[in-house]
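Visitor: I have a model open and would like to learn how to read it. Could you walk me through a few features?

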Amino acid sequence: MRTIDEHRREVTALLSTIGAATGDGAGASTDHRARAGAAAESGAEDATGAAGSAGTADDRAAAEDLVVGAAELAVHPERYSYRILAEDVIAPSSLPAFDNSQMDGYAVDSADLASAGAGRPVELAVARRIAAGDSFGTHRRRTATPIMTGAPVPAGADAVVQIEKADPPAFHPDDATGATVTFTERVSPGLFVRVAGSDVREGEVLLPAGMVLGPAHYGVISGSGATSVSVRPRVRVLLVSTGHEIRDPGTALEPGQIFDANSSALTAALLAIGCAVVPAPCRSDDADDLLALLARHAADVDLVVTVGGVSAGAREVVRDALGPLGVEFMKVAMQPGGPQGFGLASLPGADGRASVDRPVVCLPGNPVSALVSFEAFLRPALLAAAGARTTARELRRGTVTEAFDSPPTHHQLRRGLVRDDGTLELVGGPSSHLLHSYAGSTVLVHVPVGVSSVSAGDELDYWRIDG
Ligand SMILES: Nc1nc2c(c(=O)[nH]1)N[C@H]1C(S)=C(S)[C@@H](COP(=O)(O)OP(=O)(O)OC[C@H]3O[C@@H](n4cnc5c(N)ncnc54)[C@H](O)[C@@H]3O)O[C@H]1N2
Ligand code: MOO
């Protein structure tokens, strides 16, 4: 039996072949594949070796150009979710681009206020007002220049005094003549001046390759004046949930049949990390039916994920169909999610076309097992394959609120919630059919191998699953 870490490493190594292994070119558009070296370049674990085994991957684009702008984001939101930078973005300009005021107030030369203090007011003549958007002005000594937040600090001024600290503590009207203002505090040079380049300098790395783009990233891209960035193509996943008992929600069930939960759950999980998903359930336990389904779709995807049909039943459609084609099945010392399979499979082509090699990952069919397996293996491996800088969820430690048993031969992943006081509350039992309990959870709590009982107050690792 293998450990969670061993299995994750092997699945990660397999998925690092995405692009390289799909070297037949069938159905591939050149701008839609990750290149062979992509995962290796981004530091994916064990990415060497397996990558580069097929020669035609280099002619596939490793990146797509993504136009960045509010209108595009609003009109095509699907293009912008979970995009991963293909290369470093270099800052085309400094941020801020020029020295500007952090406050509404008066730009001054700090030397003019050197003698100011309580009972020692310094009175300055009020100069012409500068607003945000005005061009660079010049500041004369022994004056105070009214300046608004974001306006360029005029040459000759080196500090800004907030309007609240001035006397009077409000701006004079535009048309006031001969106005003066009084200050009773010294100021240090640089006070409330946002210096050009203090956030990022022109030519520096604005965002590194592998960054997953979110609101602040899109903002800083636009704020620096860039209009597009280079992102990784989405990894295309064929999702095959299996079982002759599963039916589409909305249809009538015969006795013994159940609605398909896994297709929706795994599609959502894959979309959430930026994959393009082709859901194609196989409602049959016949290996030939599954192979025919794979033949129809495999050439158009980078990865096949199956769900169900991997345990020890009399007919296990996934084992039966894919075992002979190169997929290995094994048990991981994890509960739920014990039975697993993966491998590079030589899949039949449609309509007599040549077979295609595709990485295949086989998850167990119990819905909680499938989602936990996604969390433990598929998610990190796919993120590495897609070139993400961070592939692992952040591990935290928390104190559990109740005692429970755990199988000492297995890692156990229990579902739970983090209470307001930071303690961990378990949700539902350990069984892998309890999908409703999973839906009410925000964390997975890890009980390591070797632990047979946990007491209230014990500390365990956990990670969030709600983001
Ligand atoms: N004799 C043994 N039996 C089982 C073992 C074992 O080691 N020896 N392992 C158990 C464990 S652990 C798991 S997990 C499951 C894995 O089974 P399969 O991957 O073969 O999955 P299925 O048998 O197809 O389904 C299991 C369970 O989940 C339900 N299911 C399947 N697909 C869906 C779906 N799309 N939506 C909702 N529910 C689904 C299915 O009806 C079954 O109840 O095997 C144990 N057995
Ligand atoms: O290990 Mo299974 O995945 O409990 O249901």
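This is a predicted model: local features need pLDDT of at least 70, side-chain atom pairs count only at pLDDT 80 or more; totals for chains, interfaces and linings use all residues.

Visitor: In which sense do β17 and β19 pair, and over how many bridges?

Guide: Strand β17, residues 328–331, runs antiparallel to strand β19, residues 339–347, and four bridges join them. When you look along such strands, remember a general idea: in a regular strand, side chains alternate between the two faces of the sheet.

Visitor: Which residue is the bridge partner of Leu344 in β20?

Guide: That partner is Pro359. Strand β20 covers residues 356–363, and its pairing with β19 is also antiparallel, over seven bridges.

Visitor: Now the wider view, please. Into which domains is the protein chain divided?

Guide: Domain 1 takes 4–19 + 234–385, domain 2 takes 98–195 and domain 3 takes 396–464. Between domain 1 and domain 3, the contact involves 13 residues of domain 1 and 14 residues of domain 3.

Visitor: Which element gives the largest share of the side of domain 1 that touches domain 3?

Guide: Helix α8 does, with six residues. This side of domain 1 divides into nine nonpolar residues, three polar and one charged.

Visitor: And which residues are around ligand 2?

Guide: Look for Gln335, Pro336, Gly337, Gly338, Pro364, Asn366, Ser369 and Ser432. By class, this shell has two nonpolar residues, six polar and no charged; Gly counts as polar here.

Technical notes: Residues are numbered from 1 along each chain as its sequence is written. Chains are lettered from A and ligands numbered from 1 in the order in which they are written. A residue is near a molecule or strand if its C-beta atom, placed from the backbone, lies within 6 Å of it. Domain bounds come from an automatic or database domain assignment. Two residues are in contact if their C-beta atoms, placed from the backbone, lie within 7 Å. Helices (H or I, at least four residues) and strands (E, at least two) are DSSP runs, numbered from the N terminus. Two strands pair if DSSP finds at least two bridges between them.
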